[in-house]
Amino acid sequence: MEVDLALAGYPCKSISKQNNKAESFKDATSKTGSGFKATMQYTDYARPSVLITENVASMSHKRASFDNEVPINIQNDAMKRRGYDCWYWVVNANQFGLQQSRTRCWAVYIKREEYNLERNFGFVEHVFDENLLVFIAALFYLLGFVWHL
């Protein structure tokens, strides 16, 4: 199976700063670890050309209690091993006109074998800017709003 674009957001419970019973991101039995594992399994199965993920800002934080793991680095390394180029940003929803402060970690992965970034995406620095993030954030919030209707 091949998919052009996949969007993923898995549970943040294990890595959220709001959780007093945090667990390792690498623990596949935890809520977050099992979601990460499922995302990687889906990626292996569907081989999306582009994968976009969303999760809490603490994805980008070093976690001293868990051997200094940084979840976004673990995710990026897993995607690089699968042949993807990686970019990520930590942004706040209020930067996009929403009336709340909700900081999230967004990552974009593009399959290397299909895209010559120099030839096809020579403008990559300009594409992956705030305009793309506005689109992605609006899409996720719209999907979340529609889902809750």
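**Ground rules**

I number residues from 1 along each chain as its sequence is written, and I use heavy atoms for side-chain values, leaving out hydrogens and water. The model is predicted, so local features need pLDDT of at least 70 and side-chain atom pairs count only at pLDDT 80 or more, while totals for chains, interfaces and linings use all residues.

**Overall make-up**

I started with the elements and found four helices and four strands in the chain. Both kinds are DSSP runs numbered from the N terminus: helices are H or I with at least four residues, strands are E with at least two. Read from the N terminus, the order is β-α-β-α-β-β-α-α.

Next I looked up burial. Buried means under 20% relative accessible area, exposed means over 50%, and partly exposed is in between, with a 1.4 Å probe and protein chains only. By that rule 46% of the 149 residues of the chain are buried. The chain exposes about 8800 Å², and carbon and sulfur atoms supply 52% of that area. Accessible areas come from the Shrake-Rupley method with a 1.4 Å probe; for residues, only the protein chains shown count as cover.

I then checked contacts, meaning heavy atoms within 4.5 Å. Taking contacts between residues at least 6 apart in sequence, 67% join residues at least 24 apart.

**The sheet**

In what order do the four strands lie in the open sheet? I read β1-β2-β4-β3, with mixed pairing. The edge strands are β1 (5-8) and β3 (84-92), each pairing on one side only. The twist averages 15° from one strand to the next; axes are lines fitted to C-alpha atoms, for helices over the stretch in contact, and angles run from 0 to 180 degrees between N-to-C directions. Two strands count as paired if DSSP finds at least two bridges between them.

I went through the pairs one by one:

- β1 pairs with β2 (residues 50-56) in the parallel sense over four bridges, and Leu7 stands opposite Ile52 in β2.
- β2 and β4 run antiparallel and are joined by seven bridges; Thr53 stands opposite Ala107 in β4.
- β3 and β4 also run antiparallel, joined by nine bridges, and Val91 stands opposite Arg104 in β4.

I noted that β4 (residues 103-111) is mostly covered, with eight of its nine residues buried.

I checked the length of α1 (residues 31-46). Its 16 residues should span 22 Å at 1.5 Å a residue, and the end C-alpha atoms are 22 Å apart, which agrees. The expected span is 1.5 Å times one less than the number of residues. Buried residues of α1 include Phe36, Met40 and Ala46. Against which elements do the buried residues of α1 pack? I found β1, β2, α2 (71-81) and β3.

For α2, I listed Pro71, Ile72, Ile74, Gln75, Asn76, Ala78 and Met79 as buried. The buried residues of α2 pack against α1, β2, β3 and β4. Gly83 follows α2 and has a positive phi near 95°.

Most residues other than glycine have a negative phi. Arg47 is not a glycine, yet its phi is positive at about 45°; Arg47 is in the loop between α1 and β2. Asn68, in the loop between β2 and α2, has a positive phi near 60°. Asn68 counts as partly exposed because its relative accessible area is 41%.

**Ser60**

Ser60 is in the loop between β2 and α2. Leaving out residues up to four places away in sequence, Ser60 touches Val70, Ile72, Tyr88 and Val90. Ser60 and Val70 are ten residues apart in sequence, and their C-alpha atoms are 5.9 Å apart in space.

**Cysteines**

How many disulfides does a search of the whole structure find? I recorded zero, the criterion being a pair of cysteine sulfur atoms within 2.5 Å. Cys86 counts as buried because its relative accessibility is 18%. Cys105 is buried too, with a relative accessible area of 3%.
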